[in-house]
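Visitor: Hi! I'm new to this one. Could you walk me through a sheet and a helix pair?
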Amino acid sequence: MLQSRLDLPVEARAVIEEEEALLERVRAALERARERAARPAAPRELRSVAALRELRDEAAAASADDLPAVLLEMSVRQRLIAQETGETLPDPLCPYLAHLRVDEGKGAKDYLLGHATFLDPSADVRILDWRVAPVAQIFYRYREGDEYEEAFPGRVAEGVVKARRIVVVERGVLTRIVGDGLVLTQGGDGRWTLADRAALAMQPGGAGTAARPGSLGVGAGAQERARAAEVTALLDADQYAAVCAPPEQPLLVLGSAGSGKTTVALHRLARIAALDPARYPLAAMSVVVPEEGLARLSRRLLAPLGAGEAQVKTLDAWSSATAREVFGQPIALCADPPALVSSLKRHPALYRALRDRFAKLARASTTLPRLRRRLADVFTDRGFLEGVAAASGGDVPRSAVEETVRHTLLQIAEPLDRQLASITVASMKQALDGRAIAEGTPDELAGTLDVDDLPILLFLRASRAGLDGAGWSHLVLDEAEDVSLFELFVLGKLLGEARSVTLAGDEAQQTSSSFAGWDGARSALGVGDAATCRLAVSYRCPRPVTELARRLLGKLAPEAPARAARDGAPIGFFRFPSEAQAHLFLAGALRDLADREPRASVAVIARDEAAARQFHALVAELPEARLVLEGEFSFEPGIDVTDVDSAKGLEFDYVVVPDATAAAYPMTDEARRRLHVAVTRTSHQLWLISGAAWSPLLGDVGAS
C-alpha cells in the first residue's frame, strides 16, 4: 500500500493521510463515548432535555474560552437523552459523510457531516447532522478557497473554506475521497488511485443542444441562431414524407425517444393549415397531449411555424372543458384521486367491460345525473370490478377494487353543505381555523367526480347520443401511448368530416396502464385505416444513451433498434453507500455546471414528486434551481428538479437521474419504461446517481 501511495502526487498522499487520521480520531472518540454511555445514568440526567436547550442558548453566547466546556456538556447531555430514547451514537463503521474545514481567522476548524450529532471537543471531533446543522449550508453553497458570510443562530460567520470533501467510509474503511480538486479511490487490493477530475464533471458543450425559444430541438440553441426555415430544412427523408402526407390521410407516427415525432406532427399541422386554410383553418386545429409540460413546449414550438393559433390542451383540460360543454353544467372534481383508482378507470379492460354492459343504453339515460348514478353503480359493484381486474392481465391489482369502491362511496355521499342546510349561522359551518368543515377530510370528496370519470361519461354519451358541435379540422395527439381508449373514442367523435389526424407515440414510453396497442388505439379513434410512419433515427440522444435505453427496455425493446445520429459524451455512473453522500456529490456537481455553462438546461428527474421535492431542498439556494411539478416548465436555462411524469415528451441539455436505485426502479416492466423515459430526455449527457444498490435494470454498470 505504501508503494501505491508513493505513485501519487504529494498533495494527494497528504489528503489520504489527513482523512485516515481524522477517521481514526473519530472512531476512538466514539469508542470512549460508547463506554461512558454503558455506565448507569441517574434518573435526573435521563430527563435533561430542558437542560440541553439551556446549554444551547448558553453556547450561542459563550466566549471562545468557555465554548469548549459548554460543547462537551452538550454532548454528554445529548448522549444521555439518546440513551433514554433508544437513539444511538454514529455508526463507527460509517460515522460521517463529508468533511468541511473552515478558517474564521482563529485557525482552521473541522466539521464532519453525518446522520447524527456527536461532539467531543477534547478530541477535536465535531459530527453534525447534515440535514439540520446550520454549518452544513457552507458545504452546499461554497467551494474550496471561497470566502463565505452566513448568518447562524446568535452570530454571523465569516471565513474561508479550506477543504470540502465527500468522504466514503465502508465497513470502517476509507474508500473514496471526492474533493473540489481531486478524486481518490481505494480498490479492493488497498491501492489508491487518483481519478481524472474531468470524469466526475459533466462534459462541457451541452448548452443549447435542447429545444429553446426559436428552435425545435435540433441543437441550434440560442434564439438569434435559430429560424423556422432552418429547422424544416433539417428534416430527414422519412420525416419530410410524413409531414407531406395528404391531410385527409390519418397518420400514425411511431419512433423512439428523440426521433422527431413531435417535430413531424407539428410541422404537418402547420403545413396543412398553410396549404388549404379554408378547409383546414388554424383556429379549428387542436393539439392534445397528456402533460402540461409538453403542452407548454408545443405552444412554443408552434409559434415560429406560424401556427400559434392552434389550440393546445392537456387531456385533463380538454376533457373538463368538453364535459362542461356537453352536459351544460359545472362539475366538481376530485383534485387528487388515488393512483390505483385511476389505473383501473383508464385500463382497456374497463373500456371493453363498459362497452358490453351499456351496449343497449337508452338515449334518454345519457343525461349527466343518470350517467353519474350508473357509473356509481359500476364502481361499487365488486363482482364487476373483480372481472375487470382479472381481464387486465395483472395491470390492475385486486387492491384497486376495494380502493375504487371505498373512493366511490365517499364521492356519492351527501355533501356536508346539504346536511348543514338547516343551519343559518355561517360561522357554525366553518371549522375553528376558518375553513369549511369538510375541507381536508374524506367528506370533502362528497359530490365530486374524478377527472378520469369525465372521458367515461363522455364515452357513454357519445356512443348512444353523439356529441354536438363543429369538428376539428385537424387533430394532433402526441404521446398517444398514454391516451386511454375512452379518450380516443371521444376525440374521434370530435374529428371533422375529413378525419384529419396525426397520432405520435412510442409504446416503449408508456407510463400508465392505458395502452391497448396501436390497432386498438386507431380503432377507438375511428381511423383504422391510418397510415403508419416509423422514424428510425434518434436525433436527440447521443449513442451511449440510445444504447443504454435499449438495454433498459430488455424484452420490451422494439425488434429494430433506433439508430443514433451521433456519438456523444459518456454516461456518468456514480454510486455511494448512502443517499446523503449521493446528494452531496450531485449538489456540488450541479453548482459547478451552472457556473461553467449558465445557458445550459439541466433536468434532475426523480422517480416521483416526493423524491423531487426532497432533492430540490438540497439545491434550493441556487438561483438557477427550480422545482417544477405538474409540467410548469419555463424552458429557460437553469436546473429543473422534476419527476418522470412531468418531464415526459421534453428534452434538456443535461439529465441527471438522482435515484437510480433498486427501490426506485425495481425489475418490473413499469419501472423499465419509466427509467427509459427519464434517461432519454437528454440531448448531450446523462448521469445516473445511486445512494444505495443500483437498479437491477442497469445490469452490471459497475461498482463505480
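Guide: Happy to. A term to begin with: two strands pair if DSSP finds at least two bridges between them. Also keep in mind that this is a predicted model.

Visitor: Which residue in S25 is the bridge partner of valine 657?
Guide: That is leucine 688.

Visitor: And what is the strand order in the open sheet?
Guide: The six strands go S20-S25-S24-S21-S23-S22, with parallel pairing. At the edges sit strand S20 (572-575) and strand S22 (625-627), each pairing on one side only. From one strand to the next, the twist averages 20°.

Visitor: Which strands does helix H23 touch?
Guide: Helix H23 (residues 609-619) packs on the sheet against strand S21 (601-606), S22 and strand S23 (638-643), and its direction makes about 150° with that of S23. Helix H25 (residues 669-679) also packs on the sheet, touching S21, S24 and S25. The direction of H25 makes about 140° with that of S24.

Visitor: New topic: at what angle do H19 and H20 cross?
Guide: Roughly 40°, with the axes of helix H19 (residues 485-493) and helix H20 (residues 518-525) coming within 7 Å. That angle makes H19 oblique to H20.

Visitor: Which residues meet there?
Guide: From H19, Leu485, Leu488, Phe489, Leu491 and Gly492 meet Gly520, Ala521, Ala524 and Leu525 of H20. The residues of this contact divide into seven nonpolar, two polar and no charged.

Key. Residues are numbered from 1 along each chain as its sequence is written. This is a predicted model: local features need pLDDT of at least 70, side-chain atom pairs count only at pLDDT 80 or more; totals for chains, interfaces and linings use all residues. Side-chain values use heavy atoms; hydrogens and water are left out. Axes are lines fitted to C-alpha atoms, for helices over the stretch in contact, and angles run from 0 to 180 degrees between N-to-C directions. Helices (H or I, at least four residues) and strands (E, at least two) are DSSP runs, numbered from the N terminus. Angles under 35 degrees count as roughly parallel, over 145 as roughly antiparallel, 65 to 115 as roughly perpendicular and the rest as oblique. Contact means heavy atoms within 4.5 Å. Ala, Val, Leu, Ile, Met, Phe, Trp, Tyr, Cys and Pro count as nonpolar, Asp, Glu, Lys and Arg as charged, and the others, Gly among them, as polar.
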